[in-house]
Amino acid sequence: MNERAVSDQVGERRRTRLAREERRALLVDAATRVFDGRDPSDVTFEEIADAAGVSRALVYNYFGDRQGLLEAVARRSADQLDRQVRDALSTTRGRRSALHEMVRVHVEFARADPAGYRYAWGTLGAPVVLEIRDKILDEVGRALGGGEDGRVVATGVLGSLQEMVRHARDDAVEPERAIDLITAFLAGGLAALEEVGVKVTPTWSVPR
């Protein structure tokens with residue numbers, strides 16, 4: 001086989017792979033829209049196929065079953081939120097600044113994509129996202145001193161962040177004010193931990 005033929009084959013495989021990834025992304029977009037505000041168990045593959053303009057068989061072909069589709073939707077939201085947080089932390093200087101930017105990402109993400117924000121926290125019940133949350137709890141727990149103390153505090157930090165951001169989605173709350181309030185609340189709580197012997201040492205890679 002000559003070089004041109006080999007190059008053509010490689011190019012065709014690359015186009016096929018990209019086309020498949022793009023189609024998968026479109027199906028996840030459609031599923032996200034259909035799931036919004038509904039119990040996922042009430043959603044049929046037919047509805048998702050109709051929303052995406054494809055056949056039900058194609059949806060099965062990509063995801064296998066309902067659980068596979070739920071995990072794809074939840075994982076994408078979780079990955080998007082995680083990536084945005086990491087990008088924000090990579091350019092911050094200092095603990096308070098890092099905390100402020102993390103809160104900003106959460107508030108802006110929740111306002112831009114309310115359903116996606118809920119899915120990122122595992123509201124679809126997808127095991128893969130619950131596993132991600134457990135991993136985050138462990139990481140934050142270690143940053144807060146390790147052991148059971150760290151995990152208890154990590155649960156409080158993440159739970160408070162989620163609930164406060166959920167309320168900050170209301171358009172009646174000015175975004176910058178909400179970000180400042182949530183940051184102050186979390187920073188105060190973390191600072192107070194030293195009073196009970198928990199020394200906070202964040203794991204994010206920014207100068208202290």
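Reply: Start with the rule for aromatic pairs. Rings of Phe, Tyr and Trp pair if their centres lie within 6.5 Å, with the six-membered ring taken for Trp. Planes under 30 degrees apart count as stacked, over 60 as edge-to-face, and the rest as tilted. Keep in mind that this is a predicted model.

Now the cluster. F109, Y117 and W121 form one aromatic cluster. Within it, consider Y117 and W121. Both Y117 and W121 are buried.

How many aromatic pairs does the rule give? The count comes to four. One of them joins Y62 and F63. Their ring centres are 6.3 Å apart and their planes meet at 40°, so this pair is tilted. The pair of Y117 and W121 is edge-to-face, with 6.1 Å from centre to centre and 65° between the planes.

Are Y62 and F63 buried or exposed? The cut-off for buried is under 20% relative accessible area. Y62 has 13%, so Y62 is buried. F63 has 8% relative accessibility, so F63 is buried as well. R20 lies over the face of the Y62 ring, at 4.3 Å from the ring centre.

H100 sits in helix 5, which covers residues 95-112. Its relative accessibility is 18%, so H100 counts as buried. Which residues does H100 touch, leaving aside those up to four places away in sequence? They are I179, D180 and T183. With D180 there is also a polar contact: the two side chains are joined at 3.3 Å.

Finally, the whole chain. Nine helices are present, and zero strands. Read along the sequence, the pattern is α-α-α-α-α-α-α-α-α. The chain has 208 residues, of which 37% count as buried. Y62, F63 and H100 each count as buried. As for surface, the accessible area of the chain comes to about 12,000 Å². Carbon and sulfur atoms account for 50% of that area.

Terms used:
Residues are numbered from 1 along each chain as its sequence is written. This is a predicted model: local features need pLDDT of at least 70, side-chain atom pairs count only at pLDDT 80 or more; totals for chains, interfaces and linings use all residues. Side-chain values use heavy atoms; hydrogens and water are left out. Helices (H or I, at least four residues) and strands (E, at least two) are DSSP runs, numbered from the N terminus. Buried means under 20% relative accessible area, exposed over 50%, partly exposed in between (1.4 Å probe, protein chains only). A polar contact is a pair of N or O atoms within 3.5 Å; within protein, one must be able to donate a hydrogen and the other to accept it, and residues adjacent in sequence count only if both atoms are side-chain atoms. Contact means heavy atoms within 4.5 Å. Accessible areas come from the Shrake-Rupley method with a 1.4 Å probe; for residues, only the protein chains shown count as cover. A charge sits over a ring if NZ of Lys or CZ of Arg is within 6 Å of the ring centre and within 35 degrees of the ring normal.
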